[in-house]
Amino acid sequence: MDEVYRRQIEVIGAPTNKDAHQIAHTIATSPLVKTAVHGGDPNWGRIVTAAGYSGVPIQPAKMSLHIGGEEKEQADGEHPVERPAEEP
């Protein structure tokens with residue numbers, strides 16, 4: 001019997017409700033996100049990448065990702081959207 005996975009995707013801070021819906025829809029229908037969820041490894045990279053494909057302008061420096069109520073970080077322990085400071 002196939003397993004059923006339930007996901008709740010909440011987008012907060014999008015410019016409009018329509019934009020928030022578009023981002024959530026793109027994440028929910030992304031084959032890479034679906035594969036990650038069904039494989040038991042819903043990593044932040046696939047989810048954030050799907051948000052970027054939504055066509056809605058996003059501000060990575062303002063993003064955070066929570067899965068199961070916990071904020072997710074990269075494998076190296078950095079926040080998913082932190083970028084190293086550019087040297088002068």
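Colleague: What do the buried residues of helix 2 pack against?
Modeller: The buried residues of helix 2 pack against helix 1 and helix 3. Packing goes by contact, meaning heavy atoms within 4.5 Å.

Colleague: Before we go on, what sort of model is this?
Modeller: It's a predicted model, where local features need pLDDT of at least 70 and side-chain atom pairs count only at pLDDT 80 or more, while totals for chains, interfaces and linings use all residues. Numbering starts from 1 along each chain as its sequence is written, and side-chain values use heavy atoms, with hydrogens and water left out.

Colleague: OK, back to helix 2. Which residues there are buried?
Modeller: Val-33, Ala-36 and Val-37. Buried is under 20% relative accessible area, exposed is over 50%, and partly exposed is in between (1.4 Å probe, protein chains only).

Colleague: How are they arranged around the axis of helix 2?
Modeller: Looking down that axis, the buried residues of helix 2 fall within an arc of 95°, so they line one face of the helix. The arc is taken over the directions from the helix axis to the C-beta atoms.

Colleague: And what follows helix 2?
Modeller: Gly-40, and its phi is positive, near 80°.

Colleague: Zooming out: how many helices and strands does the chain have?
Modeller: Three helices and two strands, running α-α-α-β-β from the N terminus on. Helices (H or I, at least four residues) and strands (E, at least two) are DSSP runs, numbered from the N terminus.

Colleague: How much of the chain is buried?
Modeller: Of the 88 residues, 24% are buried. As for contacts with a separation of 6 or more, 34% join residues 24 or more positions apart.

Colleague: What makes up the largest nonpolar core?
Modeller: There are 11 residues in all: Ile-23, Ile-27, Val-33, Val-37, Trp-44, Ile-47, Val-48, Ala-50, Ala-51, Val-56 and Leu-65. Helix 1, helix 2 and helix 3 are the elements that give two or more residues to this core, and helix 3 gives the most, with five. A core here is a set of buried Ala, Val, Leu, Ile, Met, Phe, Trp, Tyr and Cys residues joined through side-chain atoms within 4.5 Å.

Colleague: So which residues of helix 3 are buried?
Modeller: Trp-44, Ile-47, Val-48, Ala-50 and Ala-51. Down the axis of helix 3 they fall within an arc of 155°, so they line one face of the helix. Those buried residues pack against helix 1, helix 2 and strand 1.

Colleague: Let's pick on Ile-27. Where does Ile-27 sit?
Modeller: Ile-27 is in helix 1, and it is buried, with a relative accessible area of 9%. Leaving aside neighbours within four places in sequence, Ile-27 is in contact with Ile-9, Val-33, Ile-47, Ala-50 and Ala-51.

Colleague: Last one: is Lys-62 buried or exposed?
Modeller: Exposed, because its relative accessibility is 68%. Lys-62 is found in the loop between helix 3 and strand 1. Lys-62 and Gly-13 are 49 residues apart in sequence, and their C-alpha atoms are 9.3 Å apart in space.
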